[in-house]
Amino acid sequence: MQKTIIALLALVVFSSCEEKKTDKNLHITGNIKGFKKGTLYIQRIKDTTLVAIDTIKIDGDSHFTSDLKIDSPEMFYLFIDRGVTNSVDTNMPFFVEPGNINIETSLDFFTADAKISGSKNQELYDEYKKVVSRYVDQNLDLIQKRFEAYKNKNTAALTKIQQEQDDILRRKYLYTTNFAVNHGDYDVAPYLAVAEIYDINLKFLDTIQKSMTPKVAKSLYGKKLDKLIQERKKLEAK
């Protein structure tokens with residue numbers, strides 16, 4: 001009898017351990033070279049506001065881990081609190097999905113040095129950002145030219161610069177649409193639609209939605225895209 005009770009207790013303990021193991025489906029590891037003391041916050045957007053879902057104290061060892069549960073792939077943010085500092089390089093976006101994700105970076109170049117592995121959505125997002133950064137750089141150059149033209153009251157130059165900026169924006173939007181359509185089997189597609197081109201012509205958002213697989217359509221950003229499209233249709237029907 002005693003052996004039976006012990007066996008049952010062991011089974012209960014084993015079952016509870018199994019539950020704990022399977023409860024968290026996202027395992028994040030990382031290392032921030034040079035970061036010896038401070039706090040890390042893993043954040044997500046909730047109701048348009050960043051909220052912390054895990055807090056990690058760093059004291060001597062720059063490595064960190066975090067185990068979380070997510071329902072579908074999502075853009076998270078790693079916020080670093082360095083203590084007394086004027087640095088604005090403090091918040092790193094990273095696309096998570098169930099499984100193991102690793103973040104390697106440095107304290108001095110927190111976002112620039114970041115190497116994130118283990119997420120196919122992050123890999124695609126990096127590919128997207130690499131191309132889009134060219135449009136951003138081109139626009140920055142035009143902003144400088146715009147400032148000079150405004151200072152010199154050069155109306156003709158201002159008009160030309162505005163046309164060039166409109167063209168850059170149009171090319172960025174078209175690239176984003178094509179990228180999302182070509183990767184409709186990944187959650188990065190609806191994410192880019194709602195985060196980068198939410199105000200594009202509705203027909204492009206519809207095209208992205210139709211390109212998504214059923215699984216992606218039911219995901220967090222797939223649902224957000226559907227909600228955006230429905231709200232835009234109601235607004236434009238008025």
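Start by selecting I42 and D54: I42 stands opposite D54 in β3. You're looking at a predicted model, where local features need pLDDT of at least 70, side-chain atom pairs count only at pLDDT 80 or more, and totals for chains, interfaces and linings use all residues. Residues are numbered from 1 along each chain as its sequence is written, and side-chain values use heavy atoms, with hydrogens and water left out.

Now widen the selection to residues 37-46 and 49-59. These are strands β2 and β3, which run antiparallel and are joined by 10 bridges. (Strands are DSSP runs of E, at least two residues, numbered from the N terminus; two strands pair if DSSP finds at least two bridges between them.) Two residues lie between the strands of this hairpin, and D47 takes a positive phi near 55 degrees.

Click on Y41 and you'll find F79 of β5 opposite.

Time for another sheet. Select β4, β1, β7 and β8: in that order, these four strands form an open sheet with mixed pairing. At the edges stand β4 (63-68) and β8 (115-117), each with a single partner strand, so one side of each is left without a neighbour in the sheet. Neighbouring strands here are turned by 15 degrees against each other on average, direction ignored (axes are lines fitted to C-alpha atoms, and angles run from 0 to 180 degrees between N-to-C directions).

Last stop: residues 26-33 and 99-106. Here β1 and β7 run parallel, with eight bridges joining them. Pick T29, and opposite stands N102 in β7.
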